[in-house]
Amino acid sequence: MHLTEEERQILDGAFGEPQRIALNVLIKLGDAYGAERMVEIASAHIVGSSYQIAGEAGIEIYSKLVEQGAKVKVRTTCDPGSIDFSRWQVFKTPPDYAERQVKIAELLGQMGVIPTWTCTPYTAFNVPRYGEDLGWSESSAVIFANSVIGARTNRLAAYVDVCAALVGRVPRFGLHLPECRRGQVLFEVASELSDNFEDHFFPVLGYFVGQKAGDRIPVINGVQKATLDQLKAFGAAAAASGSVALYHMVGITPEARTLDEAYRGRQPADRTVVGRSEIDNTLEQMNTGDSGAVDIVGLGCPHASIDQMRRYAALLKGKYVHPSTELWICANTVVEDMARQMGYIETIERAGAKLMVGTCHNDCPLGAWNFRRLATDSGKFAYYTPTTVGTKCIFASTEACIEAAIRGRIGSL
Ligand code: F3S
């Protein structure tokens, strides 16, 4: 790989041991993928911020880095942690577990990581520009940055993201190269679905596309309009059920103003029509539980936006969550503050719902709750919940989820 003079100096240890090790890791990664050189990144976003992911090994690694004076070189934000830092007792987190998460927070802070604790850093703290190179992990954020914004990042693994943050570079391969961003498989949304572009349609479509596309770049044609929250929900589901890191939605995302642009003049390798039966079959797969009593309802995956908070508040106004059901809404601190100022949190909390800030159901230890059946409007939660939370999962619209929280039971979508 071609290295610049500065990169050679980093390898010689001129900027300290953490940078030397980090660059070595990145060079090995680049060599494995045939990268010819490094590219400077505008920002990093790391996932090893959660004790659930990092564990004791993470604490050991971060402690060593801090001892050696490691500092991030570019703006670096972090994914949700494993606790709500101000309310972990409310979520029955064991104190010794919370303490380990606080330790990680201290170490990351000493390295200069911005304590965002969110999977939606692009809402406020770390907003990329079109065409910018990044070093991000967190599958739902990577797919949003690549697809909706047009920034460029591969889906980095935990700790590789930290290496990128420490040297402000990543090897230039994959989605950093314009020729590797062309669409590969086509999904034609049938016109029979054109009346169905409601919020809950997007995670189901994403889930279906992710399963079929795997790690290829899907092009979705036939969606007439989509809000940012709908694109966020679509991408999170596609990145969970498959390992999609970039999609093009024709007429909606910036690198696909037309079908031709999405393919950059080539023909798709594969074409799938998405009609009513594909959506119904996918819904069936997303539901691992039957309708009936639910003990936990999870909203805000990926972390809720201010528009979603407004909607939750409107749906909960004057209502009460059923005494045998928990309703948890995940968000980041910026959205929490704004929602508090707007009066949404007061309405939400008065109804008995709980705000879960800086973390989520999938990152927290929930053993003390003995949940059996979770309802959610998130395709990503629907994919991971059976293994991470260990419950059956019912996927439903936001309205149906809130209704389920109020009634303590859920019917079908
Ligand atoms: Fe975010 Fe947790 Fe969902 S990290 S994308 S709220 S699983």
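The lining of the second largest pocket is made up of 12 nonpolar, 8 polar and 5 charged residues. In this count Ala, Val, Leu, Ile, Met, Phe, Trp, Tyr, Cys and Pro are nonpolar, Asp, Glu, Lys and Arg are charged, and the others, Gly among them, are polar. The model is a predicted one, in which local features need pLDDT of at least 70 and side-chain atom pairs count only at pLDDT 80 or more, while totals for chains, interfaces and linings use all residues. Residues are numbered from 1 along each chain as its sequence is written, and side-chain values use heavy atoms, with hydrogens and water left out.

Pockets and cavities are found on a 1 Å grid over the protein atoms alone: a cavity is a set of points where a 1.4 Å probe fits but cannot get out, whereas a pocket is an open set with protein on both sides within 12 Å along at least five of seven lines, and lining residues have an atom within 4 Å of a point. Grid points are joined across faces, edges and corners, and a volume is the space filled by probe spheres set on the points.

At least two lining residues come from each of α3 (51-67), α5 (139-149) and α14 (379-388), with helices (H or I, at least four residues) and strands (E, at least two) taken as DSSP runs and numbered from the N terminus. The most is given by α14, with 4 residues. Domain 1 (5-177) and domain 3 (287-410) each provide at least three residues of this lining.

The ligand sits in this second largest pocket, in the sense that more than half of its atoms lie within 2 Å of the pocket's grid points. Around the ligand are P80, C119, E138, S140, G300, C301, P302, C360, N362, K380 and F381, where a residue is near if one of its heavy atoms lies within 4 Å. This shell has 6 nonpolar, 3 polar and 2 charged residues. P302 is placed in the loop between β11 (296-299) and α11 (306-316). Elsewhere, K92 has a positive phi of about 55° although it is not a glycine, and K92 is found in the loop between β3 (75-78) and α4 (95-110). Most residues other than glycine have a negative phi, and most peptide bonds are trans.

The largest pocket has a volume of about 520 Å³. Of its 21 lining residues, N154, F173, G174, L175 and D215 lie nearest the centre. This lining draws at least three residues from each of domain 1 (5-177) and domain 2 (182-285). The structure also holds 1 cavity of 30 Å³ or more, and the largest cavity has about 40 Å³ of space. Its lining has 6 nonpolar, 4 polar and no charged residues, among them L29, L134 and H176.

Finally, the protein chain is divided into domain 1 (5-177), domain 2 (182-285) and domain 3 (287-410), with bounds from an automatic or database domain assignment. The C-alpha centres of domain 1 and domain 3 lie 28 Å apart. Their contact (heavy atoms within 4.5 Å) takes 27 residues from domain 1 and 22 residues from domain 3.
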